[in-house]
Amino acid sequence: MNFDILDDFEKALSDYTGAPHVVLTDCCTHAIELCLRHQKWQGPIIMPCNTYISVPMVLHKLDLSIYYDPEITWEYEYRLAPTNIWDSARAFDKDMYVPGRWQCLSFGHSKRLEIGHGGAILLDSLADHIALKCMTYDGRHLQHAPWQTQKHWNLGFHYNMRLEDAARGIELL
């Protein structure tokens, strides 16, 4: 198995969801974290009272204030308002992408594309795609091989998808 499988899975997700760009991650929670970090979000977040615990935990980790709005109900996705970031962990449909949104997917257990692990960010900006992909790979620019030849580094995290998860995702699609 080689690293091309990651690009193949991003392309397959792009074709299926209608998103111009896809960034693979190791989970939806980290996808949300990367989006907030990349946007350098500092304001409060408005979200539903009923969500998976990892989302408020990542907001706490980023020292963001949370306002839980009891009026927000959701089934497949919800907005981390007032940002354009969406927790779309329970959503996965053909042509689901909405332009302008950064939709964070989960492929964990009990999800609609159940790989068992992994996530993705759907978005329409090539520049943001490149920056977020670099962030998922420890700040590495993937065109530098070997990575030790890279001269300039940005903040990065080890939040990349495993090769076997990408292969399983392609198989399931």
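A search of the whole structure, which is a predicted model, finds zero disulfides, a disulfide being a pair of cysteine sulfur atoms within 2.5 Å. Two cysteines illustrate this result, and the table gives their values. Here buried means under 20% relative accessible area, exposed over 50%, and partly exposed in between, with a 1.4 Å probe and protein chains only.

Local features need pLDDT of at least 70 and side-chain atom pairs count only at pLDDT 80 or more, whereas totals for chains, interfaces and linings use all residues.

Helices are DSSP runs of H or I with at least four residues, and they are numbered, as are strands (E, at least two), from the N terminus. Helix 2 (residues 28-38) packs with helix 3 (residues 54-61) at an angle of about 35°, their axes being 10 Å apart. Axes are lines fitted to C-alpha atoms, for helices over the stretch in contact, and angles run from 0 to 180 degrees between N-to-C directions. Contact means heavy atoms within 4.5 Å. On the side of helix 2, Thr29, Ile32, Glu33, Leu36 and Arg37 take part, and they meet Ser54, Val55, Val58, Leu59 and Lys61 of helix 3. By class, this contact of helix 2 with helix 3 comprises five nonpolar, two polar and three charged residues.

In helix 5 (residues 163-172), the buried residues are Leu163, Asp165, Ala166 and Gly169. Viewed down the axis of helix 5, these buried residues fall within an arc of 165°, so they line one face of the helix; the arc is that of the directions from the helix axis to the C-beta atoms. The buried residues of helix 5 pack against helix 1 (4-17).

His158 is placed in the loop between helix 4 (126-136) and helix 5. With 56% relative accessibility, His158 counts as exposed. His158 touches Asp26, Thr136 and Asp138, residues up to four places away in sequence not being counted. His158 and Tyr137 are 21 residues apart in sequence, and their C-alpha atoms are 5.6 Å apart in space.

Technical notes:
Residues are numbered from 1 along each chain as its sequence is written. Side-chain values use heavy atoms; hydrogens and water are left out. Ala, Val, Leu, Ile, Met, Phe, Trp, Tyr, Cys and Pro count as nonpolar, Asp, Glu, Lys and Arg as charged, and the others, Gly among them, as polar.
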